[in-house]
Amino acid sequence: MGEAHCEPDASRQGTLVLDDSGARPLVALIGPPNSGKTTLFNQLTGLRQKVANYPGVTVEKHVGRVSLDADRTVDLVDLPGVHGFSARSLDERVTRDVLEGRMTGLRAPDALVLIVDATRLESQLMLVEPVLELDLPTLLVLNMSDELASRGGRVSDAALVKHLGVEVARTDARDGVGLDAVRDFLAEVTRRDTAHGRRLTNVPRGTALPMLDAFAARRMRVREIVKEAGYVPPGASSVSERLDHIALHCFWGPLLFLAVVLLVFQSIFTWATPLIDGLDAMVSASGQWVGGALPDTWYRSLLVDGVWAGVGSVVVFLPQILILFLFLGVLEDSGYMARAAVIADRMMYRVGLQGRAFLPLLSGYACAVPAVLAARTVDDERDRLATIFVTPFMTCSARLPVYALLIAAFIPDESLLGPVLGLRAAVLLGLYGLGIIAAVGTAFLLKRTLLRAKPSSFLMELPPYRVPSPRSIALRLLDRSRVFLRRAGTIIFGVTIILWTLTQFPRSDAGAPPIDDSALGRMGQLIEPAIEPLGFDWRIGVGLVTSLAAREVIVGTLGTIYGVEDDSDDAVGLQEALRRDLTLGAAIGLLVFFVFALQCMSTVAVMRRETAGWKWAALQFTYMLLLAYVGAFVAVRIF
Amino acid sequence: MELRLPSIPLNQTVELIHIDLPAEQAEPLMERGVLPGCRICPVRSSPSGDPIISVDGALLALRRETAACLCVRLLSASGVTSLQDAS
């Protein structure tokens, strides 16, 4: 589960040209989950990593460049953590395809770096045999060898070299110790004079041996090698044991779990607020400054009312997303996330999911796109499909601006439970709850219909607790920011400009037409009959259409429509205008619509790629739209 | 008499003799070192009562439904069989 963070955002559709480098060798970095692979990758490539995106294939990987000296560089590809190549999970399929050179857009690797956690050498070396069968120059990296020594274990490198026929290096990737040996190996690869790895045995791959026997035979050979190498396993980590005594305690464990979830939520809503307000003030101040500096022409209106308002309203959510990912990073790297998954498993199992779905679902509160990618760690294919199908019901941060606007406009600022709970907060909580109910109900339904299967299994390795590396987390946050800002700079920028343009035509002598007669207005009136039963007029309809790109766009859209109409584009003016056009019932209907509907092209795109086709993406979109329509229809009649 | 893992008290090391699961579900276990012949020690129970086992120095969390499919035997009185004998 520690691999989810390195996955890039699916909205990066740019294709990185990887074949520009016939001369530059490609080295694949592989290893079991939690062996320190991504840490080593980041240490070796620094910030020079690029995210490669392969259109048409449900795959993303990190490719980075390692400069060895003035004129020698190596491309390093970071693969998902796997225990084997049986291609049971998506991660395993990706790894196998890359290693065998069958990945579109990526050449076959010239050499391999296999990294293992030296404190768990015996089980981690199970991967060594399938890797050696690839017959490529291979470096075996014994990571966390300081911990092995400090806990009283040892192993002979020379014996491993002799028995495996590969080079061996020791590292502590987190502290950057031992990297020179890895770089030496990479330098050797550029000279192309490395000795090839040799096969451990003569048993051919895809062997006719029954699987159990094949595993048992492999196990025996690994055990033999480990014994020959004088491996003494480390003593139990007493710190980890003591921490687990609390984290998995029958009373304190669930309590700690609840506290962690609450802390994450609290941080998203409370701590992010001053940062968001500050950013908001900066955006509007700079917008005013730009507006003041420009002459009163059409492009001033485009720039200030369109671009600044539209893009700015989205950029302000950056702090919230970064805080969430900071927490997720710390929880994952410390090893707690694996414990949380164990605690959540029974609960999830009851609704038809499993413990590994906890991380994707929690990530879904920030953004469904990385959450859908994080679901790759769910090793059962049906469980993974069910997880990503319900992920968009988690209230992502893009819904917040919509909720905030409508609640502020229609729900009175009254107290519900004394000073503890206001009516507005209660409505907000209710919307979050509604999303959870929809997710649970949908998962329940799916596992009894389309994804019916024998009960899946759950298997979770609990790594020792470790102090997270600030550098590694900082790199991830940087990556997140880039992804988010790129999205704001492309999709939302584009939608804003198109919308603004549609309000300006057909032009008469007097300039822009009244909004009802504009191209946008006419398009809105065309779809009005479809949404009339929900109590929405054409303006909301236009908002619903534009928010198909991304939910938060509706706020900017309504701002633009009412702004062009009224010449008052501030938030209070927008709220008043909404109160004039919508009944309370329709407003609640609109909120319910946003709880259910999948208005996010990025999520649809990532769904299509992660399920290798349109079937699931289309089904999910239709299902959520129907639910949204029915939900709003009912809500408008109740309230 | 056949013993199953859930009947083993905490901190008692046993030897796995057989995984009573279809290949598809047994494979992930085997890849993590849970193979016939290996030593398993239940070290803890999760809040929901699912076992956490130690195998090869690594901690693995399972569901009790899975654990019930692991057939084990107690180690002989001497308690020590060599690694080769174990499989």
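Biologist: At what angle do the axes of helix α24 and helix α26 of chain A cross?
Modeller: Bearing in mind that this is a predicted model, the axes of α24 (residues 584–596) and α26 (residues 614–638) of chain A cross at roughly 160 degrees and come within 8 Å. Angles over 145 degrees count as roughly antiparallel, and α24(A) and α26(A) are therefore roughly antiparallel to each other.

Biologist: And what is the handedness of the crossing where α24(A) passes α26(A)?
Modeller: The crossing of α24(A) with α26(A) is right-handed.

Biologist: Which residues of the two helices meet there?
Modeller: From α24(A), the residues include Gly585(A), Ile588(A), Gly589(A) and Phe593(A), and they meet a set in α26(A) that includes Leu625(A), Ala628(A), Gly631(A) and Ala632(A). The residues of this contact divide into 13 nonpolar, 3 polar and no charged.

Biologist: Switching to chain B, how many bridges join β2(B) to β3(B)?
Modeller: There are 2 bridges between strand β2 (residues 14–19) and strand β3 (residues 39–45) of chain B, and these strands run antiparallel. Within that pairing, Val14(B) stands opposite Ile40(B) in β3(B).

Biologist: What about β3(B) and β4(B), how many bridges join them?
Modeller: Here 4 bridges join β3(B) to strand β4 (residues 51–55) of chain B, again with the strands running antiparallel, and Pro42(B) stands opposite Ile53(B) in β4(B).

Biologist: Which residue takes a positive phi in that hairpin?
Modeller: That is Gly49(B), with a phi near 85 degrees, in the hairpin of β3(B) and β4(B), which has 5 residues between the strands.

Definitions and conventions: Residues are numbered from 1 along each chain as its sequence is written. Chains are lettered from A and ligands numbered from 1 in the order in which they are written. This is a predicted model: local features need pLDDT of at least 70, side-chain atom pairs count only at pLDDT 80 or more; totals for chains, interfaces and linings use all residues. Side-chain values use heavy atoms; hydrogens and water are left out. Two strands pair if DSSP finds at least two bridges between them. Axes are lines fitted to C-alpha atoms, for helices over the stretch in contact, and angles run from 0 to 180 degrees between N-to-C directions. Angles under 35 degrees count as roughly parallel, over 145 as roughly antiparallel, 65 to 115 as roughly perpendicular and the rest as oblique. A crossing is left-handed if the near helix is turned anticlockwise from the far one by less than a right angle, and right-handed if clockwise. Contact means heavy atoms within 4.5 Å. Ala, Val, Leu, Ile, Met, Phe, Trp, Tyr, Cys and Pro count as nonpolar, Asp, Glu, Lys and Arg as charged, and the others, Gly among them, as polar.
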